[in-house]
Amino acid sequence: MGNTTSSALSKEILDDLKLTTIFTETEICQWYENFQKQCPTGRITPEEFEQIYTRFFPESDAASYARHVFRSFDTNDDGTLDFKEYIIALHMTSTGKTTRKLEWAFSLFDVDKNGYISKTEVTEICQSIFKLIPKEEQSKLPEDENTPEKRANKLWAFFEKKDNERLAEGEFIKGVIEN
């Protein structure tokens, strides 16, 4: 997917990123230069990604959430993030349109990548998120969402689904936008 053998960014990838993100050519080239310094192989492994997340959440257990985020960014399922996947993920999560952010959020919750979200998957992601929240902060949460299970139940109830039902991407996006 990305350019892994050369130190120069291919024109094809550069043009594609200019079309699919809001970043300028100069910005993309600067990101690429930094990416090459940090990842000389041209790829980020799950372990490297986890280390990055651990730096952002030094007092928390970021491992499981980092694995889920990594999975959602690894769009070609090769077990690594190349520069293109990295920049598109950065764009989607920081500056992208609401619909694109919701598509990413859906992919985060779709743990088994079957195109649907189950209550079990929502609970799994909530458990990962709660590991990022310090215990003293968790105790300050509202009573109906102060555990991963309660939060998952509240999220699932929002979509008016039974415990054994599934939620499709379109339903997810529509539900969030309308509410």
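Let's start at tryptophan 104: at 14% relative accessibility this residue counts as buried, where buried means under 20% relative accessible area, exposed over 50% and partly exposed in between (1.4 Å probe, protein chains only). The model is predicted, so local features need pLDDT of at least 70 and side-chain atom pairs count only at pLDDT 80 or more, while totals for chains, interfaces and linings use all residues. Residues are numbered from 1 along each chain as its sequence is written, and side-chain values use heavy atoms, leaving out hydrogens and water.

Trp104 also belongs to an aromatic cluster, together with Phe49, Tyr53, Phe57, Tyr65, Phe70 and Phe73. The structure holds 13 aromatic pairs; rings of Phe, Tyr and Trp (its six-membered ring) pair if their centres lie within 6.5 Å, with planes under 30 degrees apart counted as stacked, over 60 as edge-to-face and the rest as tilted. Here are two of the pairs.

| Pair | Centre distance | Plane angle | Class |
|---|---|---|---|
| Phe35 and Tyr86 | 5.3 Å | 40° | tilted |
| Phe73 and Trp104 | 5.7 Å | 35° | tilted |

Phe35 lies in helix α2 (residues 25-38) and Tyr86 in helix α5 (residues 83-94), so their pair ties together parts that are 51 residues apart in sequence. Helices are DSSP runs (H or I, at least four residues), numbered from the N terminus. Phe35 is buried at 4% relative accessibility, whereas Tyr86 is partly exposed at 25%. In the other pair, Phe73 of helix α4 (residues 63-73) is linked with Trp104 of helix α6, 31 residues apart. Phe73 is buried, at 10% relative accessible area.

Now to the core. The largest nonpolar core has 41 residues, and Phe49, Val69, Phe83, Trp104, Ile117 and Phe172 touch the most other members. Such a core is a set of buried Ala, Val, Leu, Ile, Met, Phe, Trp, Tyr and Cys residues joined through side-chain atoms within 4.5 Å. Helix α6 (residues 98-109) gives the largest share of this core, six residues.

The domain assignment, automatic or from a database, gives domain 1 (11-62 + 73-95) and domain 2 (98-178). Their centres, taken over C-alpha atoms, are separated by 25 Å. The contact (heavy atoms within 4.5 Å) takes 12 residues from domain 1 and seven residues from domain 2. About 870 Å² is buried between the two domains, with carbon and sulfur atoms giving 58%; buried area is the accessible area (1.4 Å probe) that two parts lose on being put together, summed over both.

Technical notes:
Helices (H or I, at least four residues) and strands (E, at least two) are DSSP runs, numbered from the N terminus.
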